[in-house]
Amino acid sequence: SKVASRIVQKYIKNPLLLDGRKFDVRTYLFIAHTTPYFVFYHHGYVRLSCQPYSVDAESMAAHLTNQYVQRRDPSYSGKKEDTVWTFDQIQTYLSSHKDIPPDWIFTTFTKQMQQIMMKCFHSVRHRLQCRLGFFELLGFDFMIDDDMKVYLLEINVNPALHTNCEGLRMVIPPMIQETLDISIELFEKSRRRRPLMPVDSVRNFQLLYYDGGAARKTVPLPGAKRAGVPRKTS
């Protein structure tokens, strides 16, 4: 019988905690066009566990923060809205608990994530199918430890798009609409042999990479720019 492949990752025993709970961060890489490549980034959201974290905790919900696991925890129904935070919420929390700049999430952290995402893209771009009309939305999951070091956990080729709480409803529906708008615009421009730039449908996505044939380039990563980031007031 065929032996299945496996990947073993070292367990991060010192994760940064929010209110004593473990979390990870879901963000998105959007390959909107492949002839030439257009690669975009979109802010996501923070996924928190229902249960307090300790390295010896027996509950799976204390260790795995994705919604698939959290929804199966008995306390989920009463804590559902607090299992998803926006980027503004985590920045506010960290600003009051860590000695970091007031825009660390939107600058330093975002830049580190984007650099990792682009390394992943370039490592496999030669294996991707490049055809007119092809596009892909990928979910990247990151973790931060208590020394503020950033780790890539995994890449999801079929990221969950459910909207069962307010934090998800703020991010996912407008992002999906923009994904389709950008893809269709680039497809129609290519089909009609019109200039691809500028991409008029871009609202909240940030262009990370554009391979314009001979004019191949990497778009500079944003600094303190925060335009288009969904905000939640509380």
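Reader: Before we start, what counts as a pocket here?

Author: A pocket is an open set of grid points where a 1.4 Å probe fits, with protein on both sides within 12 Å along at least five of seven lines. Keep in mind that this is a predicted model.

Reader: Fine. How much space lies in the largest pocket?

Author: About 440 Å³.

Reader: Which residues are closest to its centre?

Author: Gln9, Lys22, Leu64, Met143 and Leu153 are the closest to the centre. The lining of the largest pocket has 17 residues.

Reader: Which elements give two or more residues to that lining?

Author: Strands β4 and β5 do. The largest share, four residues, comes from β5.

Reader: What classes of residue line the largest pocket?

Author: Seven are nonpolar, four are polar and six are charged.

Reader: Now the second largest pocket. How much space is in it?

Author: About 330 Å³. Its lining has 15 residues. Ile31, Val124, Leu128, Glu136 and Leu138 lie nearest its centre.

Reader: And which elements give two or more residues there?

Author: β1, α4 and β4.

Reader: What is that lining like by class?

Author: It has 12 nonpolar residues, two polar and one charged.

Reader: Switching to the core. How many residues has the largest nonpolar core?

Author: It has 34 residues. Leu18, Phe23, Val46 and Leu94 have the most contacts inside it.

Reader: Which elements each supply at least two residues?

Author: β1, β2, α3, α4, β4 and β6. The largest share comes from α4, with eight residues.

Reader: Take Phe23. What does it touch?

Author: Leaving out residues up to four places away in sequence, Phe23 touches Leu16, Leu17, Leu18, Val46, Arg47, Leu48, Thr65, Ile90, Met143 and Ile144.

Reader: What other core lies apart from the largest one?

Author: There is another core, of 20 residues. Phe30, Phe40, Ile172 and Leu207 are among them.

Reader: Back to α3. Which of its residues are buried?

Author: Phe87, Asp88, Gln89, Ile90, Gln91, Tyr93 and Leu94.

Reader: What do they pack against?

Author: The buried residues of α3 pack against β1, β2, β3 and α4.

Reader: Salt bridges next. How many are there?

Author: The count comes to 10.

Reader: Start with Asp24. Where is its partner Arg47, and what does the pair tie together?

Author: The side chains of Asp24 and Arg47 meet in a salt bridge at 2.7 Å, N to O. Asp24 is in strand β1 and Arg47 is in strand β2, so the pair ties together parts that are 23 residues apart in sequence.

Reader: Are Asp24 and Arg47 buried or exposed?

Author: Asp24 is buried, and Arg47 is buried too.

Reader: OK, Asp181 next. Which residue does it form a salt bridge with?

Author: Arg203, with the closest N and O atoms 3.1 Å apart. Asp181 lies in helix α5 and Arg203 in the loop between α5 and β6, so this pair ties together parts that are 22 residues apart in sequence.

Reader: Why is Asp181 called partly exposed?

Author: Its relative accessible area is 23%, and partly exposed runs from the 20% limit for buried to the 50% limit for exposed. Arg203 is partly exposed as well, with a relative accessible area of 47%.

Reader: And Glu188 with Arg191. Where do they lie?

Author: Both lie in helix α5, three residues apart, about one turn of the helix.

Reader: How accessible is Glu188?

Author: Glu188 is partly exposed, at 22% relative accessible area. Arg191 is partly exposed, at 47%.

Reader: Last one, Thr163. Where is it?

Author: Thr163 sits in the loop between β5 and α5. At 31% relative accessibility, Thr163 counts as partly exposed.

Reader: What does Thr163 touch?

Author: Not counting residues up to four places away in sequence, Thr163 touches Leu168, Arg169, Ile172 and Pro173.

Reader: How far from Pro173, in sequence and in space?

Author: Thr163 and Pro173 are 10 residues apart in sequence. In space they are 8.1 Å apart, C-alpha to C-alpha.

Notes. Residues are numbered from 1 along each chain as its sequence is written. This is a predicted model: local features need pLDDT of at least 70, side-chain atom pairs count only at pLDDT 80 or more; totals for chains, interfaces and linings use all residues. Side-chain values use heavy atoms; hydrogens and water are left out. Buried means under 20% relative accessible area, exposed over 50%, partly exposed in between (1.4 Å probe, protein chains only). Contact means heavy atoms within 4.5 Å. A salt bridge is a side-chain nitrogen of Lys or Arg within 4 Å of a carboxyl oxygen of Asp or Glu. A nonpolar core is a set of buried Ala, Val, Leu, Ile, Met, Phe, Trp, Tyr and Cys residues joined through side-chain atoms within 4.5 Å. On a 1 Å grid over the protein atoms alone, a cavity is a set of points where a 1.4 Å probe fits but cannot get out, and a pocket is an open set with protein on both sides within 12 Å along at least five of seven lines; lining residues have an atom within 4 Å of a point. Grid points are joined across faces, edges and corners, and a volume is the space filled by probe spheres set on the points. Ala, Val, Leu, Ile, Met, Phe, Trp, Tyr, Cys and Pro count as nonpolar, Asp, Glu, Lys and Arg as charged, and the others, Gly among them, as polar.
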